[in-house]
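Good morning, colleagues. Please bring up the sequence and the structure on your screens, and I shall go through the main points.

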Amino acid sequence: MIWNVPAETMPRDDLAALQASRLQALVRRVDERVPFYRQAFERAGVRPEQIRTLADIRRLPWTRKTDLRDHYPFGLFAVPRDQVVRLHASSGTTGKPTVVGYTRADVQMWAEVCARCLAAGGGRPGDVFHNAYGYGLFTGGLGMHYGAELMGMTVVPVSGGNTERQLLLIGDFQPRVIACTPSYMLTLAEAALARGLDPRRLSLRFAVLGAEPWTEAMRRQIERLLPVRAVNIYGLSEVIGPGVSNECVEAQQGSHVFEDHFLVEVVDPRSGEPLPPGEVGELVFTTLTKEALPVIRYRTGDLASLDPSPCRCGRTLARMSLVVGRTDDMLIIRGINVFPSQVESVVVQFPELSPHYQLRITRERTLDDLEVRIEADPSGDGGAAADRGAALEARVTERLRGVVGIHIRVRVVSPGSLPRSEGGKLRRVIDERTS
Ligand code: DLL
């Protein structure tokens, strides 16, 4: 079903007119209320009244994750802090999270776009909805929760982890719709198999999967193991959280971007020049209606292509492909963003360690696993006492968990045992995941 028929099936000319008027209002608003934008517009030599058509967006400057970090925590808010009813955060490159805020109207708009996602993915009012995205500072859990309640689903706010309990609840509550990361969907299927349950007999029919990159091969595997149609949901905290775009079950061919709220561009990541439909480039979003933390031309770092052609589901909204990669070194481990620089910031705090480290990502069965190998400092006792090595590993693990937010296995290895750069780029990240 289509949740908001007028918005999702609007003729593209009407949509463009709506976007242009919302863009004009947005630019005036941030120019008035956010010094960062006023100064950025000045530097770019552009005044709000010069932004009249959608094409004028190219005169506006970019916003990047570093800009949010530089104004940590609330510096880019466009409303007084006491009008912000919710904060969320995602990992930043340095260990400081990126903080995002929502007014009451933002929370309502967010629920609306998440309801659209669930409807596109096969959900209907009255369905039992198993929400296995993490609740907390991560946007996934609460974002989907509000969307599902708005639709009138019966929400099971199970959050992530504790696979045993998840299987029990799925068996007892008989949900028709599930939302989680694609890798966790596979974990649940495998865990069912391991317990002698046939996952094909579960009640689930629709799976709304995202927060991390996945592939058509993974989709086929999921749909083979489980009785579900699996669709992609995409989003990022800086733009809203989940709910930026979602695939429809009818076509399963690209995620409809909710363009009445999020203006999307695909640009060449080096030149910033716009790319034609079908060409892979960096996704850039401008939030047209957000109040607390509007962003102008936000560079996501995510690589995908765009297809504005009509879809058989009846939606007129352009579709983005699955995300095929990133422009930076951000890793996504079990849905959580991890930057190698975060790991480095922890390693250098320990005098017993040298700054030579390597990250190794494997996929044990279906779940991503991250191990960091770090050389001991050669001037120490070389980790002579093994138990001291283990204690050190435990301390580093703990510190990493504090900074990155997930468990990372730590192995302290002997000095000189990790590869060194031979003039070219040093590969600090070995990604052994195959799909
Ligand atoms: O991951 C929001 C979300 C929650 C989306 C639940 C979907 C479902 P962040 O933690 O800020 O927000 O991470 C955003 O995750 O820039 C992408 O690199 C990646 N990402 C999110 N969805 C997808 C997807 C949430 N469907 C970053 N495919 C984004 C590939 C995705 N990558």
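Domain 1 and domain 2 together bury about 1,300 Å², and 54% of that area lies on carbon and sulfur atoms. The size of an interface is often expressed in this way, as the accessible area lost when the parts come together. Please bear in mind throughout that this is a predicted model.

Which element gives the largest share of the side of domain 1 that touches domain 2? The answer is helix α8, residues 182–194, with 5 residues. By class, that side of domain 1 consists of 6 nonpolar, 9 polar and 3 charged residues.

How many salt bridges are there between domain 1 and domain 2? The count is 0. Polar contacts are found across this interface, however: 2 residue pairs, both at pLDDT 80 or more.

Let me place this interface within the chain. The domain assignment gives residues 1–327 to domain 1 and residues 331–431 to domain 2. To the contact, domain 1 contributes 18 residues and domain 2 contributes 16 residues. The C-alpha centres of the two domains are 32 Å apart.

I turn now to the sheets. Strands of a sheet pair through backbone hydrogen bonds, in either a parallel or an antiparallel sense.

Another open sheet has 4 strands in the order β10-β11-β12-β15, and here the pairing is antiparallel. Why is one side of β10 and of β15 left without a neighbour in the sheet? Both β10 (262–267) and β15 (325–326) stand at the edges with a single partner strand each, so one side of each has no neighbour there. For β15, the antiparallel pairing with β12, residues 298–304, rests on 2 bridges. In one of these strands, β15, G325 is the bridge partner of L303.

Next, charged pairs. Side chains of opposite charge can pair when their charged atoms come close. Over the whole structure, the search finds 25 salt bridges. Among them is the one between R116 and E112, whose closest N and O atoms are 2.7 Å apart. R116 and E112 both belong to helix α5, residues 104–120, and are separated by 4 residues, about one turn of the helix.

I close with two points of backbone geometry. Is the peptide bond from Y72 to P73 cis or trans? That bond is cis, with omega near -5°. P73 itself is located in the loop between α4 (65–70) and β1 (86–90).

The other point concerns N162, which has a positive phi of about 55° although it is not a glycine. N162 sits in the loop that lies between β4 and α7 (163–173).

Thank you for your attention.

Key. Residues are numbered from 1 along each chain as its sequence is written. This is a predicted model: local features need pLDDT of at least 70, side-chain atom pairs count only at pLDDT 80 or more; totals for chains, interfaces and linings use all residues. Side-chain values use heavy atoms; hydrogens and water are left out. Domain bounds come from an automatic or database domain assignment. Contact means heavy atoms within 4.5 Å. Buried area is the accessible area (1.4 Å probe) that two parts lose on being put together, summed over both. A salt bridge is a side-chain nitrogen of Lys or Arg within 4 Å of a carboxyl oxygen of Asp or Glu. A polar contact is a pair of N or O atoms within 3.5 Å; within protein, one must be able to donate a hydrogen and the other to accept it, and residues adjacent in sequence count only if both atoms are side-chain atoms. Ala, Val, Leu, Ile, Met, Phe, Trp, Tyr, Cys and Pro count as nonpolar, Asp, Glu, Lys and Arg as charged, and the others, Gly among them, as polar. Two strands pair if DSSP finds at least two bridges between them.
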